[in-house]
Amino acid sequence: MKSFTIRPIAEGDRDWVRDLFAEHWGSSLVITRGTAHQADALPGFIAAEKGGGVRIGLLTYRIDGDECEIVSLNSLREGIGVGGALLGAATEEARRAGCLRALLITTNDNLPAVRFYQKRGWRLRAVYPGAIRESRRRKPAIPETGVDGIPIRDEIELELPLDGR
């Protein structure tokens, strides 16, 4: 039995969302495939503890035609299924919206994320060598190194077909 619930972001959550982005991402500006997203204004889902309602996870997304891009995913309680439950809610929403695929971008250093997504059926689709150089021009706060001191240079695109393919 899960100790948390998943619900859509409500207007009353927006200050918390902005604060989470500031703390974990440096700002609400997220750049993927050369596109800037004001992620704190996007639709999404929140994981909250049952009972007290303490927020323990956030996912934001955007739908464009038949694609749903997961723009951000934060699990504040590792190992209890928060990230997977948020992804499940987003992919179900994408299916309801008629999307044929979900996609997301992570960086080359984030091997734990690549592992996490692949274990849930996501597939590597593309690598964009040097893409972070351009992203840093728009968001200079992107660090030079990331997980385990790996230089952050490239974007990795993963996808999940939603049409049964």
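**Exercise 1. Find what share of the contacts in the protein chain between residues at least 6 apart in sequence join residues at least 24 apart.**

Step 1. A contact means heavy atoms within 4.5 Å.
Step 2. Among contacts between residues at least 6 apart in sequence, 67% join residues at least 24 apart.

Two notes on the source apply throughout. This is a predicted model, in which local features need pLDDT of at least 70 and side-chain atom pairs count only at pLDDT 80 or more, while totals for chains, interfaces and linings use all residues. Residues are numbered from 1 along each chain as its sequence is written, and side-chain values use heavy atoms, with hydrogens and water left out.

**Exercise 2. State how many helices and strands the protein chain has, and give their order.**

Step 1. Helices (H or I, at least four residues) and strands (E, at least two) are DSSP runs, numbered from the N terminus.
Step 2. The protein chain has four helices and nine strands.
Step 3. Read from the N terminus, the order is β-α-β-β-β-β-β-α-β-α-β-α-β.

**Exercise 3. Compare the radius of gyration of the protein chain with that of a compact globule, then describe the box and the surface.**

Step 1. The radius of gyration is taken over C-alpha atoms, and the globule rule is 2.2 Å times the number of residues to the power 0.38.
Step 2. For 165 residues the rule gives a value near 15 Å, and the protein chain has 15 Å, so the two agree.
Step 3. Along the principal axes, the C-alpha atoms fill a box of roughly 45 × 40 × 30 Å.
Step 4. Accessible areas come from the Shrake-Rupley method with a 1.4 Å probe; for residues, only the protein chains shown count as cover.
Step 5. The accessible surface is about 8,600 Å², and 50% of it belongs to carbon and sulfur atoms.
Step 6. Buried means under 20% relative accessible area, exposed over 50%, and partly exposed in between (1.4 Å probe, protein chains only).
Step 7. Of the 165 residues, 44% count as buried.

**Exercise 4. Count the charged side chains and the salt bridges.**

Step 1. Lys and Arg count as positive and Asp and Glu as negative; His and the chain ends are not counted.
Step 2. The place of a charge is NZ of Lys, CZ of Arg, CG of Asp or CD of Glu.
Step 3. There are 24 positive and 23 negative side chains, and the centres of the two sets lie 3 Å apart.
Step 4. A salt bridge is a side-chain nitrogen of Lys or Arg within 4 Å of a carboxyl oxygen of Asp or Glu.
Step 5. The count of salt bridges is 18.

**Exercise 5. Describe the salt bridges of aspartate 15 with arginine 18, arginine 62 with glutamate 69, and glutamate 157 with arginine 125.**

Step 1. Aspartate 15 and arginine 18 meet at 2.8 Å, N to O. Because these two residues are three apart in helix H1 (residues 14-25), about one helical turn separates them. Aspartate 15 is exposed at 51% relative accessibility, whereas arginine 18 is partly exposed at 36%.
Step 2. Arginine 62 and glutamate 69 meet at 3.2 Å, N to O. Both residues are buried.
Step 3. Glutamate 157 and arginine 125 meet at 3.4 Å, N to O. This pair links distant parts of the chain, with glutamate 157 in strand E9 (residues 155-161) and arginine 125 in strand E8 (residues 123-128), 32 residues apart. Glutamate 157 is buried, at 1% relative accessible area, and arginine 125 is partly exposed, at 48%.
Step 4. Salt bridges that share partners join Arg33, Glu67, Arg101, Arg125, Glu157 and Glu159 into one network.

**Exercise 6. Give the phi values and places of arginine 33 and aspartate 148.**

Step 1. Most residues other than glycine have a negative phi.
Step 2. Arginine 33 has a positive phi, near 50 degrees. Its place is the loop between strand E2 (29-32) and strand E3 (35-38), and arginine 33 is partly exposed at 31%.
Step 3. Aspartate 148 has a positive phi, near 60 degrees. This residue is in the loop between helix H4 (131-138) and E9, and aspartate 148 is exposed at 75%.
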